[in-house]
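Subject: Structure handover

Hello,

Here is the structure you asked for, with the sequence. Please open it before reading the notes below.

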Amino acid sequence: MFLDGWITLFLSIIGVQRWLALNTPKSLSLATGTGIGIFIAFIGLQPAGGLGVLGGNYSNLVGLGGCPEQYADPDHPYFCSSHVLQNPALWLGVFAGGFLMVLMMMYRTRGAFIIGILLVSIISWPRLTPVTLFPNTPFGDANFDFFKKVVAFRPINYVGNSLDYQYGKGKVWMALITMLYVDVMSAWNSQGILVRY
């Protein structure tokens, strides 16, 4: 990401990013945006990344999830033995986080995403509700301890030392090319539409 940011900044300054954005076929740009959107939605629907609508399945790896904790498979925490899509926290995310945001966007409400995120976050903070992120369990206590650390202030000491400058690895370059490609597609969406239409 560090190198991608510098390359993108350089390409923007000399105008190459805009040129690439304007000369990329519209079908390719739309297909890329669709693929990225589906991938992000897939992550958001999984239990580890978001709502928990999707869970594990013994036959095809992906199935419906969202069961209350007592119906989860003890050996596979994201596999439901029954009662799929009956977790109240899931429906809080779907309605308050999803449909409400879409409704606000339809009415062109400024900050629709931020309002939806704040609403779901604030509703999930109290510990005695069925939709809490911090239930009175060891897992909920660990979440609450981490939450208290997030809002605490800690000085930034060793930012530069956390970067990995080993650009000789092939996987680093594959990731770099992928991120540059996504940056060019986002430039098409922000610049190409305004110029072409």
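Two residues are said to be in contact when heavy atoms of theirs lie within 4.5 Å. Please keep in mind that this is a predicted model.

Thr-132

Leaving aside its neighbours within four places in sequence, Thr-132 is in contact with Ser-124, Trp-125, Pro-126 and Arg-127. The backbone oxygen of Ser-124 lies 3.3 Å from a polar atom of the Thr-132 side chain.

Is Thr-132 buried or exposed? Its relative accessible area is 13%, and buried means under 20%, so Thr-132 counts as buried.

The largest pocket

The largest pocket has a volume of about 1600 Å³. It is lined by 47 residues, of which Pro-47, Gly-50, Asn-87, Ala-89 and Leu-133 are the closest to its centre. The elements that give two or more residues to this lining are α3 (26–45), β1 (54–55), α4 (88–106), α5 and α6. Which of the elements gives the most to the lining? That is α4, with 8 residues. Sorted by class, the lining of the largest pocket holds 27 nonpolar residues, 19 polar ones and 1 charged one.

Regards

Conventions. Residues numbered from 1 in each chain as written. Predicted model: local features only at pLDDT ≥ 70, side-chain atom pairs only at ≥ 80, totals over all residues. Heavy atoms only, no water. Buried < 20%, exposed > 50% of the residue type's maximum accessible area, 1.4 Å probe, protein only. Polar contact = N/O pair within 3.5 Å; in protein donor to acceptor, adjacent residues only side chain to side chain. 1 Å grid on protein atoms, 1.4 Å probe; cavity = no way out; pocket = protein on both sides within 12 Å on 5 of 7 lines; lining within 4 Å. Points joined across faces, edges and corners; volume = space filled by probe spheres on them. Helix = DSSP H or I, 4+ residues; strand = E, 2+ residues; numbered from the N terminus. Nonpolar A, V, L, I, M, F, W, Y, C, P; charged D, E, K, R; others polar.
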